[in-house]
Amino acid sequence: MLSVKFYYPRWGSETVAWNGFAGQVKQAGFHGIEVYPLQHLHEKNDMLQALENHGLEFSLLHAEMKEGKNFTAYKQALENNLRLLGTFERNGLRPQFITSQTGREYYSKDQMAECFDICDRVSRETGIPVIQETHRNKWSFAAHVVKEYLQQFPSLQLALDLSHWVCVSESYLEDQQDAVDLAIRHTRHLHARVGHTEGPQVTDPRTPENREALEHHLQWWDQWIAHLRASGATQCTITPEFGPYPYLPYQVGTTTPVASQWDINCFMKTLLERRYSLGSPV
């Protein structure tokens, strides 16, 4: 039987004290938290203590950008940052994996091979898997590009976020199913955000006007779950990753979001939990 664990994103809740945030996440039934900590390193101890207090797992995000134009500096920053993330440990509590938005979309395959080598080396030495997020402005910005990379680098594991590819392609990838199929077979973790053909996040997946977009993503996620079950996997992780502004737009002329980020992510968790708690999608 496949067990699905859900992580809640820290993204959008950075102003909430860690212990209160972790308690809220635990009470909502999540198994863990996904966090990008490099801009908040002073919170490391508070974060680990809160996670320990509430019995939560965690994964870490890496997304270094500022060194992008200087490849030598970027490589050094990538390795330094990944090693720093590997120090997030307390009383046996450590990251389940690191999700890396690696490189840039204009890096060559040879440059990306060097970046992948760094990720692999750090992963081996720390014992923490480093997986690659599919994301705009990174090497993994589009379905057809990732297909070529996976054929050349078959050991790559993905944190799959198809909302970016939908936005980049301005389509629901109907004519790129072979690329989606291959990506699904390489997916270790899922970012369950719903994109549309003109953006990476619908306003609210609960509303009728966004039903088409939701259904396309559900079909892809169903395919991933079916692949895991067929391969004998017993556990997987999903982050409902609807983000705050500007992913979640404001009402016109205000700084009031058009919907609640918290409510949407909890809705996605409940939807997918019910969908995948049985022997097959319902």
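**Strand pairing, helix packing and an enclosed cavity**

Ile98 stands opposite Val130 of strand β5, in a predicted model whose local features need pLDDT of at least 70 and whose side-chain atom pairs count only at pLDDT 80 or more, while totals for chains, interfaces and linings use all residues. Residues are numbered from 1 along each chain as its sequence is written, and side-chain values use heavy atoms, with hydrogens and water left out.

Strand β4 (residues 98-100) and β5 pair in the parallel sense over 3 bridges, where two strands are said to pair if DSSP finds at least two bridges between them. Helices (H or I, at least four residues) and strands (E, at least two) are DSSP runs, numbered from the N terminus. Strand β5 (residues 130-133) also pairs with strand β6 (residues 158-160), again in the parallel sense, over 2 bridges, and here Glu133 stands opposite Ala159 in β6. From β5, Val130 and Gln132 point one way and Ile131 and Glu133 the other way, and all are buried, that is, under 20% relative accessible area, with exposed set at over 50% and partly exposed in between (1.4 Å probe, protein chains only). A closed barrel of 8 strands runs β1-β2-β3-β4-β5-β6-β7-β8, with parallel pairing.

In helix α1 (residues 18-27), the buried residues are Trp18, Phe21, Ala22, Gly23 and Val25. These buried residues pack against β1 (3-9), β2 (32-35), α2 (44-54) and α9 (261-276), contact being defined as heavy atoms within 4.5 Å. The helix α1 is followed by Gly29, whose phi is positive, near 95°.

Trp18 also belongs to the lining of the largest cavity, together with Arg10, Glu14, Val35, Tyr36, Pro37, His40, Glu43, Lys44, Met47 and Phe88. On a 1 Å grid over the protein atoms alone, a cavity is a set of points where a 1.4 Å probe fits but cannot get out, and lining residues have an atom within 4 Å of a point. The structure holds 1 cavity of 30 Å³ or more, and the largest cavity has a volume of about 60 Å³, a volume being the space filled by probe spheres set on the points, which are joined across faces, edges and corners.

A search of the whole structure finds 0 disulfides, a disulfide being a pair of cysteine sulfur atoms within 2.5 Å. Cys236 is in no disulfide, and the nearest cysteine sulfur, that of Cys266, is 18 Å away. Cys236 counts as buried because its relative accessibility is 5%, and Cys167 counts as buried at 16%.

Conventions. 1 Å grid on protein atoms, 1.4 Å probe; cavity = no way out; pocket = protein on both sides within 12 Å on 5 of 7 lines; lining within 4 Å.
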